[in-house]
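Biologist: I would like to go through some side-chain contacts and charge pairs here. Please show me the sequence and the structure before we start.

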Amino acid sequence: MRVRGWIDRNGYFDSLNEYLSNSISNKEDSTEFKVVENNTNSALAGRPAYKLVFDDLSANGEVKIRALEYGTMIDSVVYYVSYYAERDRCLEYLPLIQRMVNSFKITDVGLEPIQQPQQNRPFISFSLSES
């Protein structure tokens with residue numbers, strides 16, 4: 001099982017629908033990929049969010065990995081959390097993952113200086129609580 005939080009500043013999107021469509025297209029181009037579920041009726045950090053569930057397939061079409069991704073948008077920047085697990089074990093971890101997604105809070109958003117002058121990198125500070 002792997003859970004990660006990410007920021008996507010690679011493109012500016014007008015809506016979650018636009019971002020979700022672009023994300024699906026990018027995944028279809030780069031992996032053996034099958035959408036299981038997608039919608040923009042979800043929530044993350046108390047904000048409207050998209051949900052994407054997909055399978056990563058092996059070369060012979062068998063499901064290897066099931067992934068669950070939730071993302072929200074603030075000022076055209078997408079913040080998302082993704083969860084990957086072996087397909088056979090995905091449901092085992094799902095209650096824990098759902099609690100983590102439900103407790104996700106964005107506590108600070110901005111640019112953090114890095115070593116080179118005049119260059120900044122995006123950062124996100126978030127918390128996951130056990131409730």
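Biologist: Which residues does Y50 touch, not counting residues up to four places away in sequence?

Modeller: This is a predicted model, where local features need pLDDT of at least 70, side-chain atom pairs count only at pLDDT 80 or more, and totals for chains, interfaces and linings use all residues. Residues are numbered from 1 along each chain as its sequence is written, and side-chain values use heavy atoms, with hydrogens and water left out. Contact means heavy atoms within 4.5 Å. With residues up to four places away in sequence not counted, Y50 touches L16, Y19, L20, N39, T40, S42, E69, Y70, G71, V78 and Y80.

Biologist: With which side chain does the side chain of Y50 make a polar contact?

Modeller: A polar contact is a pair of N or O atoms within 3.5 Å; within protein, one must be able to donate a hydrogen and the other to accept it, and residues adjacent in sequence count only if both atoms are side-chain atoms. At 2.5 Å, the partner of the Y50 side chain is the side chain of E69.

Biologist: Is Y50 buried or exposed?

Modeller: Y50 is found in strand β3; helices (H or I, at least four residues) and strands (E, at least two) are DSSP runs, numbered from the N terminus. Buried means under 20% relative accessible area, exposed over 50%, and partly exposed in between (1.4 Å probe, protein chains only). Y50 has 0% relative accessibility, so Y50 counts as buried.

Biologist: What relative accessible area does D55 have?

Modeller: D55 forms a salt bridge with R66, the closest N and O atoms lying 2.4 Å apart. D55 lies in strand β3 and R66 in strand β4 (residues 63–74), so this pair ties together parts that are 11 residues apart in sequence. R66 is buried at 14%; D55 is also buried, and its relative accessible area is 3%.

Key: Salt bridge = Lys/Arg side-chain N within 4 Å of Asp/Glu carboxyl O.
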